[in-house]
Amino acid sequence: MSMELTEKWPVLVRHEQAAQWLRIWTDLGRAPRTIDAYAPGLANATLQQRLSVTVRLFYDFLVEEGVRESNPVGRGRYTPGRHFGGESF
């Protein structure tokens, strides 16, 4: 892992798959702000939304790498006839 990533997120040293995933995102040239998406100062709702997307993508990566057979983090689904926004359709 690069020294910069290790210094910024020392906990990643203990989680090789997480470090590898973040390294791939960095190598793909993602913007530093994308990599730093979890920096302090964001609203709680924004953190929750970004975290859920990141966890979903991380599990997609683990499935692609053959570490897991499936992604336990489901994607949102709309079911016709179910309540949406407080109203039934």
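Helices (H or I, at least four residues) and strands (E, at least two) are taken as DSSP runs and numbered from the N terminus. On this basis the protein chain has 4 helices and 0 strands, and from the N terminus its elements run α-α-α-α. The model is a predicted one, in which local features need pLDDT of at least 70 and side-chain atom pairs count only at pLDDT 80 or more, while totals for chains, interfaces and linings use all residues. Residues are numbered from 1 along each chain as its sequence is written, and side-chain values use heavy atoms, with hydrogens and water left out.

The pLDDT, which is the predictor's confidence in each residue on a scale from 0 to 100, averages 76 over the protein chain, and 72% of the residues score at least 70. Among the elements, the mean pLDDT is lowest for helix α1 (residues 3-8), at 73, and highest for α4, at 85. Of the 89 residues in the protein chain, 16% are buried, where buried means under 20% relative accessible area, exposed over 50% and partly exposed in between (1.4 Å probe, protein chains only). Contact means heavy atoms within 4.5 Å. Of the contacts in the protein chain with a separation of 6 or more, 27% are accounted for by residues 24 or more positions apart.

The expected span of a helix is 1.5 Å times one less than its number of residues. For α2, with 12 residues, the span should be 16 Å at 1.5 Å a residue, and the end C-alpha atoms are 16 Å apart, in agreement. The buried residues of α2 are Ala18, Ala19, Trp21 and Leu22. Viewed down the axis of α2, these buried residues fall within an arc of 165 degrees, so they line one face of the helix; the arc is that of the directions from the helix axis to the C-beta atoms. Ala19, which lies in α2, is buried with a relative accessible area of 1%. The C-alpha atoms of Ala19 and Leu5 are 8.3 Å apart in space, and the two residues are 14 residues apart in sequence. Just after α2, Gly29 has a positive phi of about 85 degrees.

Helix α4 has 21 residues and reaches 30 Å from its first C-alpha to its last, close to the 30 Å expected at 1.5 Å a residue. Its buried residues are Thr54, Arg56, Phe58, Phe61 and Leu62, and what covers them includes α2. Gly66, which follows α4, has a positive phi near 80 degrees.

A nonpolar core is a set of buried Ala, Val, Leu, Ile, Met, Phe, Trp, Tyr and Cys residues joined through side-chain atoms within 4.5 Å. The largest such core is made up of 5 residues: Ala18, Trp21, Phe58, Phe61 and Leu62. Helices α2 (16-27) and α4 each supply at least two residues of this core, and α4 gives the most, with 3 residues. With neighbours within four places in sequence left aside, Trp21 is in contact with Thr54, Leu57, Phe58 and Phe61.

Rings of Phe, Tyr and Trp (its six-membered ring) are paired if their centres lie within 6.5 Å; planes under 30 degrees apart count as stacked, over 60 as edge-to-face and the rest as tilted. A search of the whole structure finds 2 aromatic pairs. Phe58 and Phe61 form a stacked pair, with 6.4 Å centre to centre and 25 degrees between the planes. These two residues are 3 residues apart in helix α4 (residues 44-64) and are therefore separated by about one helical turn. Phe61 is buried, with a relative accessible area of 6%. Phe58, Tyr59 and Phe61 form one aromatic cluster.

Arg56 is also placed in helix α4 and is buried, with a relative accessible area of 19%. Apart from its neighbours within four places in sequence, Arg56 is in contact with Asn71, Val73, Gly74 and Arg75. The C-alpha atoms of Arg56 and Arg75 are separated by 8.1 Å, with the two residues 19 residues apart along the chain.
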